[in-house]
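This report is written for someone meeting the structure for the first time. Please look over the sequence and the model below before reading on.

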Amino acid sequence: MLFVGVALSVLLIGAADKTTGSFTDGVLPDYIEFKVPPGWPKPTTDIFAKNRLSEQGFQLGKKLFYDNRLSKDGNLSCAGCHQQFAAFSTYDHDFSHGLNDQHTYRNAPALFNLAWMTKLHWDGGINHIEVQPLSPLTSPTEMAETLENVLAKLKKDSAYPKLFKAAFGTTEINSQRMLKALAQFTGSIVSANSKYDKVLRGEATFTYSEENGYAIFKANCASCHPEPLFTDNSFRNNGFAINDFLKDYGRMRITNDRNDSLKFKVPSLRNVMVSFPYMHDGRIYSIGNVIEHYRTGIVNSPTLDPLLAKPLVITNTQKNELIYFLNTLTDTSMTRNPRFAK
Amino acid sequence: MVNKSMMKNKLFSIPVLLFFFLPGHQLNKNTVSKNGGTVNISFINTVNGRLLELNTGSYTNPFAETYTISKFKYYISHVSLAAASGSIDENESYHLVDAANNDALHFSFPVNTGSYQSLSFMTGVDSLHNVSGAQSGALDPLNDMFWTWNTGYIMAKLEGSSPQSKVVNNKVEFHIGGFMGPYQVLKNIVLKFPPGKTLIVKEGGSSEIIIEANIDSWWQQPNDIRIAEHPVCSTPGPLAKKIADNYSKMFTIKDIINN
């Protein structure tokens, strides 16, 4: 019946209103639009649909991201392991350092273009960007804090209540608002302005080697690392033997499906030259050795990706050209952007 | 894009809702009249035939294993009352029943006047709300009922210790979750009111439904769960489903009081 439909739609709208804050005194934040780069696919889910992006929300999220007090001993912020100059990965570290010199279980992923990801973490265990921070915040080997303590610290601070009011309408500080603010910051980090992007826009030209490397890339790598994201965000076994110490089976831990054994999320190759070492356990430090793995090092197993049934066949010259091309994916307009800096 | 037009729609629809609350109108879902009453739902948690005593009570399961209980929490959602002419759903229906907190053992919501035959609810949090990001109230991750590594809610939690448990600190730890796939643990519970006990909601009245949640049902029927074999369940999967299949029987209507 029509009336029931209207009633139900009113209830749905009412519910949506709640999540964008309560601006009872009428002072709204400065809403900003998330811009999809021209020619890019739209994200399949709008991560800001129930978390409307605003300048105040973004700035609050950034402040939280750089705040050491979110960790148990006050020494580690999100930025401690997610360093902007490393495309928000941990520079030169296979595993990152958490509380009391403990190591993380896996290599810290680079953070950019998260809006296009429906699952986060190497095993895809995170189904929504807003709840991701709960994992490092409470992990005993990382920031090792409790959600209660984090919120207590924010409430006692002289600056945060005002910032929460500016972003969400009241000085109330709760986990939902903190997590939504963080998502407004991390979700806004887009990398789409590397030399490669400029070439495609006609604003720059590849060198001869880079041009060759691009062709080699398209012929050999683009099935798992398609443009423009340079990942398809799927889970694949790319031929590495299991880490005997960690016994990390990747996606299978989440799905309990044997077919997912040793499958990990395909990382983006954007900024690959600054986000070494590579793979879920950071076992490879040089991009040359990654390419070498695909040429001569693929380990067979029941779940090995079918696309890797045959090894990569390229000459040494072509390997170097491929590396020249991968260098063009470094986007300093993101890694050095003051907007994302502390 | 979002806020202004939504505010306009909300104001618009209030007159529409009032319009069809005319007397004698057919009962529809979610159309709660101003002339209704209140239903209060309260839970009493029992084990071995007596009220649960956290930490101090000593209990025995059907396999002669003894145990104490330090935590017992579970989500109740999508609460609905059925009458002959239709049903009434509670709005924003998410509750965390927590044996450690007296205030978390009951909740109430407005209901149209009338006579109701059964109560239904879901144990756990529906799959949509498991993938909807950061939430508040009963669904706040602060409630310690949310997995951070495999994001989704813990639908029910039973913790304690037992000499039959061979893991650290003799702990018994059942964190039952999983919202999708063959091992999902969400259950729809329908409790028909016993003969002679009907829920009758009067105008301005307050009726109470007392539900017993019996922890004894966690251990058997259809699946034998022995502490010695399974002291811990902390991920979604077949074991969690077995335990959820058992505890889906734990609810019975203890009493209905109409005021």
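## Terms and numbering

Helices (H or I, at least four residues) and strands (E, at least two) are DSSP runs, and they are numbered from the N terminus. This is a predicted model, in which local features need pLDDT of at least 70 and side-chain atom pairs count only at pLDDT 80 or more, while totals for chains, interfaces and linings use all residues. Residues are numbered from 1 along each chain as its sequence is written, and chains are lettered from A, with ligands numbered from 1, in the order in which they are written.

## Two cis peptide bonds in chain A

In the loop of chain A that runs between helix 9 (208-220) and strand 1 (235-236) lies A:P228. The peptide bond that joins A:E227 to A:P228 is cis, with omega about -5°.

A cis peptide bond is also found from A:F276 to A:P277, where omega is near -5°. The place of A:P277 is the loop between strand 2 (264-265) and helix 11 (287-297) of chain A.

## Positive phi values

A:L262, which belongs to the loop between helix 10 (252-255) and strand 2 of chain A, has a phi near 65°, a positive value in a residue other than glycine. Is A:L262 buried or exposed? A residue counts as buried if 20 or more other C-beta atoms lie within 10 Å of its own, as exposed if 12 or fewer do, and as partly exposed in between, with C-beta atoms placed from the backbone. A:L262 is buried, because 25 other C-beta atoms lie within 10 Å.

In chain B, B:H78 is part of strand 4 (residues 66-83), and its phi is near 50°, again positive in a residue other than glycine. With 18 other C-beta atoms within 10 Å, B:H78 is partly exposed.

## The domains of chain A

Chain A is divided into domain 1 (24-190) and domain 2 (195-334), with bounds that come from an automatic or database domain assignment. The centres of these two domains of chain A, taken over C-alpha atoms, are 26 Å apart. Their contact takes 23 residues from domain 1 and 24 residues from domain 2 of chain A, where two residues are in contact if their C-beta atoms, placed from the backbone, lie within 7 Å.

## Chain B as a whole

Chain B holds 3 helices and 16 strands, and 33% of its 259 residues count as buried. Among the contacts in chain B between residues at least 6 apart in sequence, 74% join residues at least 24 apart.
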